[in-house]
Amino acid sequence: MLYPKHIGQLLYFWNYTLIEFLKEMLQDAGRICLEANADQNRLNLEFKNPKDLVTETDKKVEDFVINRIRSRYPLHAIFGEETGKSPGRSESGHATPLWVIDPIDGTTSFFHGQPFYCVSIAYQENGTTLMGGIYAPVLDQLFLAEKGKGAFLNHCPIRVSSCSRLIDSVMATGFACLRAGLKENNLPHFNRIVPKIRDIRRFGSAALDLCYVACGKVDGFWEMELNLYDIAAGVIIAREAGALVSDFSGGNRFPEKGILAANPALATLMVDQLNQRP
Ligand code: 2AM
Ligand code: CA
């Protein structure tokens, strides 16, 4: 006979194993990156366009993550930056869980031997992200979040900054739009905002930018032309740490309509700045 308390225990066990599974997968994927970093001369390179790099390590890490998920959760769907969508199969009428993978976010940094890159993986059910994990192996920074349970950096709880004035803030942004060769770009926003804030950082990984908002290393982040896999894990980590994440109009149509993240007070000021023509 299954009593409610047993169901609770079972759910706890299920969640525990899923987050542990995610954590170990991230750390193992990070090791693959570090091994490749150690042999910089052998990082074979391909180009999606002249500015958009993909190394064989991006593919190797994605293959590793997919195989790990498939061997444990063979029915789950997967959406990876390098391999696209592979549908899963639903179990007795339930929606198919989806894993969203960015094997290396910050590939340019990875290729150039810089530390700001990471492996980013989100777990979704019914289109809602329930778990996100991001691991920056050179920095040994592991960010994990579960919906409703807070966000953690190396197992310590994290929180957004309390900065509420633009002039006191340090922000991060990026220029995915330039690399994608798009006409509309972030430079007008950059030119408008940078004189109003204390300083700006450009780490080159949207996933890590969101994590750094989450732990208060930067006060805010905005960027345009990102994809779901760049931000899926970072969004739940930032939100669980108290960030408000929105598009440039303050709505939910991110990343298509731009994305910004900050504590609620600063996010309102950022919407004022970004909800203007570029
Ligand atoms: P990537 O390293 O996985 O390519 C940097 O501004 C951020 O933009 C990174 O998170 C980078 O992810 C992302 N990005 C996504 N698509 C891009 C594209 N087509 N061109 C450039 N950067 C892109
Ligand atoms: Ca990416």
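Residues are numbered from 1 along each chain as its sequence is written, while chains are lettered from A and ligands numbered from 1 in the order in which they are written. Because the model is predicted, local features need pLDDT of at least 70 and side-chain atom pairs count only at pLDDT 80 or more, whereas totals for chains, interfaces and linings use all residues; side-chain values use heavy atoms, with hydrogens and water left out.

The secondary structure of the protein chain comes to eight helices and 15 strands, where helices (H or I, at least four residues) and strands (E, at least two) are DSSP runs numbered from the N terminus. Of the 278 residues in the protein chain, 51% count as buried; buried means under 20% relative accessible area, exposed means over 50%, and partly exposed lies in between, with a 1.4 Å probe and protein chains only. The accessible surface of the chain comes to about 13,200 Å², and carbon and sulfur atoms account for 52% of this area, as computed by the Shrake-Rupley method with a 1.4 Å probe, in which only the protein chains shown count as cover for residues. When contacts (heavy atoms within 4.5 Å) between residues at least 6 apart in sequence are considered, 62% of them join residues at least 24 apart.

In soluble globular proteins, nonpolar side chains tend to be buried together. A nonpolar core is here a set of buried Ala, Val, Leu, Ile, Met, Phe, Trp, Tyr and Cys residues joined through side-chain atoms within 4.5 Å. The largest such core has 40 residues, and those with the most contacts inside it are Ile134, Phe143, Ile158, Tyr212, Phe221, Ile237 and Ile259. At least two residues of this core are supplied by each of β6 (118-125), β7 (128-136), β8 (141-146), β9, α6 (206-214), α7 and β15. A second, separate core has 29 residues, including Ile19, Ile78, Tyr135 and Leu142. Within the largest core, Ile158 is in contact, leaving aside neighbours within four places in sequence, with Phe143, Ala151, Phe152, Leu153, Ala214, Cys215, Ile237 and Ala241.

Helix α7 has 13 residues and reaches 18 Å from its first C-alpha to its last, which is close to the 18 Å expected at 1.5 Å a residue; the expected span is 1.5 Å times one less than the number of residues. The helix bends by about 30° at Gly234, the bend being the angle between axes fitted to the seven residues ending there and the seven starting there. Because 11 of the 13 residues of α7 are buried, the helix is largely enclosed by the rest of the structure; among the buried residues are Tyr229, Asp230, Gly234 and Ile237. Just after α7, Gly242 takes a positive phi of about 100°.

The calcium ion (ligand 2) is coordinated by Asp102 (OD), Asp105 (OD) and Asp230 (OD), at 2.0 to 2.2 Å. Donors are N, O and S atoms within 2.8 Å of the metal (3.2 Å for Na, K and Ca), and since water is not among the atoms, sites may look incomplete. In sequence, the donor residues follow the spacing D-x2-D-x124-D. Asp105 lies in strand β5 (residues 98-105) and Asp230 in helix α7 (residues 228-240), so the pair ties together parts that are 125 residues apart in sequence. Both Asp105 and Asp230 are buried.

Asp209, found in helix α6, has a relative accessible area of 0%. Not counting residues up to four places away in sequence, Asp209 touches Ala172, Thr173, Phe203, Val218, Phe221 and Glu223, and its C-alpha atom is separated by 6.3 Å from that of Ala172, 37 residues apart along the chain.

Asn154 lies between β9 (150-153) and β10 (156-157), and its phi is near 45°, a positive value in a residue other than glycine; at 35% relative accessibility, Asn154 counts as partly exposed. His155 lies in the loop between β9 and β10 and has a positive phi near 75°, but at 51% relative accessibility His155 counts as exposed. The peptide bond from Phe254 to Pro255 is cis, with omega near 5°, and Pro255 lies in the loop between β14 (244-246) and β15 (259-262).
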